[in-house]
Amino acid sequence: MTQPQKIRLASGRYLIKDPDRERPASANSKVFSNPLARLDSVAANHRNDEPIRHALVEQAGLTGMKVLQIGAGAVGWWTGLQLVAMGCSLTELDHDTVQKENLEAGRTFYPPDSIGTPKVLAHRKYLLQMYPHAHITPLRKNTADLSDGEIAALVESSDVVVGAFDEGRQLLRFDSLAYWLKPVAYAFFHRQARQASVIWTRPGNSPCLRCSLGVESEDDIETLHRESIMGIDVQPVANMCARVAMWLLSASTGPLQELFDPEKNIIFMENRPSETGLAVHFLQADRNPTCEVCNTSF
Ligand SMILES: [Zn+2]
């Protein structure tokens, strides 16, 4: 068997090229237009005295793009941070207030004096300290209290949605309202946060959330309110969700469009070491041919 070859990138890093999976010459250029390589290259070429964030964001074309995020819990705290750091304009919707347990185990960095205040306001305050010029719109609302029309209007006014909430009924309702309007990236934990998933839907292009979860009704989705999730398990899935959102945002403009296999729309992440390590699996969801949400033949 031939040994994989190393390819030197402009940034000085190496990609491993497997000759057993040789690409045609025209496709080789894609190695260099790979979005990660491109961002790498931008970072490496940047002078130390320039704000690197701006170059990365400009390259990815994300400055000012609008993200609607539902949920400002542990996952939402981190996804919101990453999206704002990338230069996105964030509208964050959550009705809850910061509780003491939100600050424990590295789940969030809500400051202690924010306990009892609305999460969306506390999050905005923190993010503005980090990024004073960020555009952040807090909405202290519960999706359950919004009409279908209000939810659709919020989705319509965004470029991409992040679903960082886990209430089954509202998740499936949101999916049915948002699926045909805008791309959505959802983050989920499995029991005891042993695994986590990021699922994304693209209008008419991927199966809907209901099909991707393989559920018949809201009763098949368990809300894990009593689980004591550690921040060390939250951050990987939140960051992956932000990365997927970044890919969805830029899919229409080009530079990051090949980050993931377009046929797949689930990333299943192992949070506990096993014989396969901390594995990340890319999965393809099955579309239910009679689905009321994503079936295109209705
Ligand atoms: Zn479906």
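These questions and answers walk through the fold of one predicted model.

Me: How are residues numbered, and which pLDDT limits apply?
Reply: Residues are numbered from 1 along each chain as its sequence is written. Because the model is predicted, local features need pLDDT of at least 70, side-chain atom pairs count only at pLDDT 80 or more, and totals for chains, interfaces and linings use all residues.

Me: How many helices and strands does the chain have?
Reply: Helices (H or I, at least four residues) and strands (E, at least two) are DSSP runs, numbered from the N terminus. The secondary structure comes to nine helices and 10 strands.

Me: Which residue of β6 is the bridge partner of Leu68?
Reply: Strand β3 (residues 66-70) pairs with β6 in the parallel sense, over four bridges. In β6, the bridge partner of Leu68 is Val161.

Me: Which residue of β7 is the bridge partner of Val161?
Reply: Strand β7 (residues 184-189) runs parallel to β6, and three bridges join them. In β7, the partner of Val161 is Val184.

Me: What is the handedness of the β-α-β unit made by β6, helix α7 and β7?
Reply: Helix α7 covers residues 168-178. A crossover is right-handed if, with the strands pointing away from the viewer, the path from the first strand over the helix to the second runs clockwise. The unit of β6, α7 and β7 is right-handed.

Me: Are the residues of strand β6 buried or exposed?
Reply: A residue is buried if 20 or more other C-beta atoms lie within 10 Å of its own, exposed if 12 or fewer, and partly exposed in between; C-beta atoms are placed from the backbone. Val160 and Val162 point one way from β6 (residues 160-163), and Val161 and Gly163 the other way. All are buried.

Me: Why are the buried residues of helix α6 on the same side?
Reply: In α6 (residues 148-156), Ile151, Leu154 and Val155 are buried. The arc is that of the directions from the helix axis to the C-beta atoms. They lie on the same side of α6 because they cover an arc of only 100°.

Me: Which residues are exposed on the other side of α6?
Reply: The buried residues of α6 have cover that includes β3, β6 and α7. On the other side, the exposed residues are Gly149, Ala153 and Glu156.

Key:
Two strands pair if DSSP finds at least two bridges between them. Two residues are in contact if their C-beta atoms, placed from the backbone, lie within 7 Å.
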